[in-house]
Amino acid sequence: MSTSEIDTATPETSAPADAAATENQNRKQPFPKGFLDTISTGWAERPEQTPSARAQAPFAAARRDALSAAFPGKRLVIPAGSYKQRSNDTDYPFRAHSAFSHLTGWASDAVPDSVLVFEPTGESGHDVTLYLRERADRTTAEFYGDATIGEFWIGPRPALGGVAFDLGLATDHLAAFDERPGDLVLEEDADLTRVVSELRLVKDAYEIEQMRLAVEATARGFDDIVADLPRIIATPRGERAVEGVFHHRARVEGNGEGYDTIAASGPHACYLHWTRNDGAVVPGDLLLVDAGVELDSLYTADITRTLPVSGTFTDVQRKVYETVREAADAAFAVAKPGVKFRAVHEAAMAVIAQRTAEWGFLPVTADEALDADRGGQHRRYMVHGTSHHLGIDVHDCAQARREMYYDGILEPGMVFTIEPGLYFQIDDLTVPEEFRGIGVRIEDDVLVTEDGVENLSAAIPRTADEIEAWIARGAH
């Protein structure tokens, strides 16, 4: 049954009152009296299940304490968000706002329209309550009559008491929540939005473990793609086959993908956000795959590998690929506590400028290209940044202040990407013909340690030789 078939039926006695109501009811069948008299009876007892307290609960409590300390005396409102319409009466799968998830620990099983409220207690401190829409079980008319929350339609929903025990939070009915003048509301108040974003710059122990697990699941997804390359090549829209293979892994091991998978073969690899994925995967071309598994905790990996579809790089492809790896290695070499975040990007870009100048692609020297005011000519071939913070959002901490992000200082516990690339579009006349249509990106997820960074995705082949050996193994 498609979601478009899920209509809220009405009793025969509730006839529409006007033409508009008639139009709204045009596909709904009335419930006969016999149905209404018997639907709430004849069900076996269903004892309440008390869930185990989740591992993330104490970490979420510490995050709430930090937010409380930042806003003494202020009432804070953190909505989970609601369903987003896809078409007519079909919605996108619900995913709660990342800040709400971070502060509650509720993750992929959060229910729409919930609200986390920090009620001030005097000059400092807050009482925190999670308001949610109570379950529509067999004792309610919504059980059978509301396709959005009725358990007849969508299965069991959490009860207030179970959620309270699960999350270590006070809970109440959503109907009891009232928004008041003076509330600081997430996405409406800039300071609140900034603070909840900056809270995620340094990950706690739970988050770091989730990032490791997300990377491990993603690595298995890349192995799946390599193993399935013969079928992918034989499929007319092979990029879609790549997307489908990874989607299977993401849904089996997690909540899904953390973002739309980029499966870009040949010239498509030069489009940074190619997500149409409707092209063929042709031997002789490169296949750029940018994908990440989002776990049920909502933490996601973000990894890119570029594969020679035929199994071996051509000389020009290898030259470009190993230059990108050189840029990535330069970024790894400077990343450590006490260094500015932007230094990671600058190290990678120095290599990109040097090599493209050596190849004769720039109208200036590498030093001139790297001049902050008059340079940038090399950015034609790598317009994006080298790194972004990563976590419960693929581009995590996005509302943090510039001085905390791009100009911020690296600290142990930060997790971010290192992802330089080179992209020579098919119609770019500034490069020789043999370079046109080649796009390469190598992206790894790293954790800042006490003395450097740990490459969380190091187990996924990176060098050109390793990539070729990986494809050879997958073919057998």
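Is Arg276 buried or exposed? Arg276 is exposed, because its relative accessible area is 53%. Here, buried means under 20% relative accessible area, exposed means over 50%, and partly exposed lies in between (1.4 Å probe, protein chains only).

This is a predicted model, in which local features need pLDDT of at least 70, side-chain atom pairs count only at pLDDT 80 or more, and totals for chains, interfaces and linings use all residues. Residues are numbered from 1 along each chain as its sequence is written, and side-chain values use heavy atoms, with hydrogens and water left out.

**The whole chain**

The protein chain has 15 helices and 17 strands. These are DSSP runs numbered from the N terminus: helices are H or I with at least four residues, strands are E with at least two. The C-alpha trace spans about 80 × 60 × 45 Å along its principal axes. Of the 476 residues, 49% are buried.

A contact means heavy atoms within 4.5 Å. Take the contacts between residues at least 6 apart in sequence: 69% of them join residues at least 24 apart.

**Salt bridges**

A salt bridge is a side-chain nitrogen of Lys or Arg within 4 Å of a carboxyl oxygen of Asp or Glu. By this rule the count comes to 38. Three of them are listed here.

| Pair | Closest N to O distance |
|---|---|
| Arg276 and Asp278 | 3.3 Å |
| Glu358 and Arg355 | 2.8 Å |

Arg63 lies in helix H3 (residues 57-70) and Asp204 in the loop between H8 and helix H9 (205-227), so the pair ties together parts that are 141 residues apart in sequence. Both residues are buried.

Asp278, the partner of Arg276, is partly exposed, because its relative accessibility is 24%.

Glu358 and Arg355 both lie in helix H13 (residues 341-358). They are 3 residues apart, about one turn of the helix. Glu358 counts as partly exposed, because its relative accessibility is 48%. Elsewhere, salt bridges that share partners join Arg305, Glu322, Arg325, Asp329, Asp444 and Arg462 into one network.

**Two buried aspartates**

Asp189 sits in the loop between strand S7 (184-185) and helix H8 (190-198). Asp189 is buried yet has no salt bridge. The nearest side chain of opposite charge is Arg194, 7.8 Å away. A polar atom of the Asp189 side chain does lie 3.2 Å from the backbone nitrogen of Asp191.

Asp428 is in the loop between strand S14 (421-424) and strand S15 (438-441). Asp428 counts as buried because its relative accessible area is 6%. Leaving aside residues up to four places away in sequence, Asp428 touches Arg380, Tyr381 and Arg436. Tyr381 is 47 residues from Asp428 along the chain, yet their C-alpha atoms are separated by 9.9 Å.

**Two positive phi values**

Most residues other than glycine have a negative phi. Asn277 has a positive one, near 50°. Asn277 lies in the loop between strand S9 (262-265) and strand S10 (286-291). Asn277 is buried, because its relative accessibility is 0%.

What is the phi of Cys397? For Cys397, phi is near 60°, a positive value. Cys397 lies in the loop between helix H14 (366-369) and strand S13 (415-418). Cys397 counts as buried, because its relative accessibility is 0%.

Conventions
Lys, Arg positive; Asp, Glu negative; His and termini not counted. Polar contact = N/O pair within 3.5 Å; in protein donor to acceptor, adjacent residues only side chain to side chain.
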